[in-house]
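Here is a short briefing for a first look at this structure. Keep the sequence and the 3D view open while reading.

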Amino acid sequence: MHDINMKILVVDDMSSMRRIIINTLKQLGYPNVDEADDGDKALEKVRHEPFDLVISDWNMPKMNGLDLLKAIRQDPKLSTLPVLMVTTEAEMDHILEAIRSGVNSYILKPFTAETMKEKIDKAFKHA
Amino acid sequence: MDFHERPLEDENLRGLILAGRGIVEGNLKKGADSKLSDELGRLGKYLQAISKKLQLAGTEIETASSQIPCGADQLNGVTRFTEEEVHRVLGIVEKVIESRDALAAQWETLKTDLPGEIFQRPRLKREAEEIGARLRSEKKLLMDLLTALSFQDVAAQWLRKISSDMTGVQSRIRRLNQSLNEKGTEGGSGTFPGERRERMPSKAGTLFSDSRKIAQADVDKLLKEHGL
């Protein structure tokens, strides 16, 4: 079960998107949010700080969201960390790949706050 | 009638095949009759003319394609511009959300501070409920406005794809021109150097109409099928 004090990491290479997601999370009642602008930095953060949820984009320079997800799942200390993807990647094959790689939920951009809330709840239900 | 305007006839082809065999076998006289020599001469001239035309066209194409990087730069500029503008709009939205939250907090304080019997009056009770409903509805509208701005990332992805496709088209034009100017040194293989290694850039239009792309409702169905 999750609570409003949980720590969330938002990963997106676009600063405007990070700001939108962080604001949405704050409005949904999750004030404890940190950010990273690519998969490499995100992996570094989750390896050194405790996070309860990662919300990541797919298309990013250096390490993309899918590789970040795979790296998290392969790390014994992080393998159960819930990962939610918020992305423009709408191809069936890509979504299936994310599911097979262990994503907890998947949101297409542009999204709504209701969808974000629903997916966070479900991500914890299935974590 | 010019050579290229004539229909391909079995006779011509047979003649060419015979001449080809003769060349391969080192017997130039075999099949190289006068009619065939004329045909080959005309074919040579025609190919020369075509080659000149292609070289001229190549220069034109090269000039036109040299504009592609400017177009790609402009698209990248549009992405940067929209990102900056989204930040500006976000700044405004954040201020409005802050103001609305402060108003909602003040309203709650006011309701607590005022004697409870005031809200027993039907008109005041109705108005208090309306204010509460309006504040909630405004919060939802502002949230929708906030998340709607995520369109910018979708647009940016499309622009990035178009920009990358444009660059791909330019590199193919360059290779085509190189191939035309190499005067057949590739041995007529029918491919451009490196073509097999590089995929043909996809049409930008498929970004908007790709049938493989699905909507959030379909994603939800897929997630459900996989127990998520």
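Helices are DSSP runs of H or I with at least four residues, and strands are runs of E with at least two; both are numbered from the N terminus. By that rule, A:Leu25 lies in helix α1 of chain A, which covers residues 15-27. The model shown is predicted.

**Chain A as a whole**

- Chain A holds five helices and five strands.
- Read from the N terminus, their order is β-α-β-α-β-α-β-α-β-α.
- Chain A has 127 residues, and 59% of them count as buried.
- About 5,200 Å² of chain A is accessible surface. Carbon and sulfur atoms account for 49% of that surface.

- Is A:Leu25 buried or exposed? A:Leu25 counts as buried because its relative accessibility is 0%, and the cut-off for buried is under 20%.
- Which residues does A:Leu25 touch, leaving aside those up to four places away in sequence? They are A:Ile8, A:Val10, A:Tyr30, A:Val33, A:Ile55, A:Met116 and A:Ile120.
- One of these partners, A:Ile8, sits 17 residues from A:Leu25 along the chain. The C-alpha atoms of the two are 8.9 Å apart.

**Where chain B meets chain A**

- On the chain B side, 37 residues make contact; on the chain A side, 36 do.
- The two chains bury about 3,200 Å² between them. Carbon and sulfur atoms give 60% of that area.
- Five salt bridges link chain B and chain A.
- One salt bridge pairs A:Glu114 with B:Lys140. Their closest N and O atoms are 3.2 Å apart.

**The chain B side of the contact**

- Which elements of chain B give two or more residues to the side that touches chain A? They are α3 (68-113), α4 (122-148), α5 (151-181) and α7 (216-225).
- The largest share comes from α3(B), with nine residues.
- By class, this side of chain B has 15 nonpolar, ten polar and twelve charged residues.

Technical notes:
Residues numbered from 1 in each chain as written. Chains lettered and ligands numbered in written order. Predicted model: local features only at pLDDT ≥ 70, side-chain atom pairs only at ≥ 80, totals over all residues. Heavy atoms only, no water. Contact = heavy atoms within 4.5 Å. Buried area = accessible area lost by both parts, 1.4 Å probe. Salt bridge = Lys/Arg side-chain N within 4 Å of Asp/Glu carboxyl O. Nonpolar A, V, L, I, M, F, W, Y, C, P; charged D, E, K, R; others polar. Buried < 20%, exposed > 50% of the residue type's maximum accessible area, 1.4 Å probe, protein only. Areas by Shrake-Rupley, 256 points an atom, 1.4 Å probe, with all protein chains shown as cover.
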